[in-house]
Amino acid sequence: MRAKRCARATWALLLALTAAAPADAADPPPAAPAGPEAPGPGPEGSVPAIGRTWPVGVRPPVVRGWEPPATRYGRGHRGVDLPASPGTPVRVVAPGRVSYSGRVAGKGVVSVELTGTGDPPLRTTYQPVLAAVRKGDEVAAGEVVGTAEPSGSHCSTPCLHWGLRRGDAYLDPLSLLPSWLLRRGPSRLLPVLGVPLPP
């Protein structure tokens with residue numbers, strides 16, 4: 001009897017761990033925390049870690065990171081570049097409303113104002129993207145907003161430029177992602193040997 005209870009407890013733990021460790025960007029994202037721990041808007045420079053997926057791939061390498069300019073119009077890199085072959089699905093990292101979908105200087109651009117992130121709200125931008133959404137569309141975290149375009153990238157190899165702003169202030173888009181999304185290695189469960197399956 002004790003062995004059966006132990007086996008059931010082990011299986012319940014394994015199922016809970018498996019559900020808590022997303023294996024793929026296509027898996028449904030975990031629910032955002034509710035109640036007093038829910039991320040709030042915060043001051044202009046702060047960014048709540050509300051992201052639920054990477055824009056492309058699963059933990060892609062960062063080709064070029066965020067390099068804030070010394071002055072408003074100074075040199076820098078106002079976002080991050082992620083490798084993205086033409087046709088790669090581009091996903092929105094957090095829920096919101098499409099604030100722009102069109103072309104800027106010949107590049108396809110999609111911008112999304114993120115829900116519940118203050119006034120002015122945080123806004124993520126993805127380019128170059130062949131848009132699959134229109135201005136005003138509501139989008140969920142992980143929803144495909146377009147595909148990476150074959151041209152228009154400023155990288156030496158095809159990439160997606162992912163930006164983040166609050167008003168006129170550029171911010172590091174990686175700060176939207178919680179630590180479990182930033183970690184390199186996926187969670188792995190070790191096999192449990194010698195434990196009978198529950199009935």
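Predicted model: local features only at pLDDT ≥ 70, side-chain atom pairs only at ≥ 80, totals over all residues.
1. Overall make-up. The protein has two helices and ten strands.

2. Contacts. Take the contacts between residues at least 6 apart in sequence: 65% of them join residues at least 24 apart.

3. Burial and surface. Of the 199 residues in the protein, 34% are buried. The accessible surface comes to about 11,400 Å², and carbon and sulfur atoms account for 59% of that.

4. Strand E5. I'd look at this one in the viewer. E5 covers residues 122-127 and is mostly covered, with five of its six residues buried. Buried here means under 20% relative accessible area.

5. Neighbours of E5. Which strands does E5 pair with? One is E4 (residues 107-114), which runs antiparallel to E5 and is joined to it by four bridges. Another is E9 (residues 159-166), also antiparallel to E5, with six bridges between the two.

6. Thr125 as a landmark. Ser111 stands opposite Thr125, and in E9 the bridge partner of Thr125 is Gly163. Picking those residues out takes you from E4 through E5 to E9.

Methods:
Residues numbered from 1 in each chain as written. Heavy atoms only, no water. Buried < 20%, exposed > 50% of the residue type's maximum accessible area, 1.4 Å probe, protein only. Pairing = 2+ DSSP bridges. Contact = heavy atoms within 4.5 Å. Areas by Shrake-Rupley, 256 points an atom, 1.4 Å probe, with all protein chains shown as cover.
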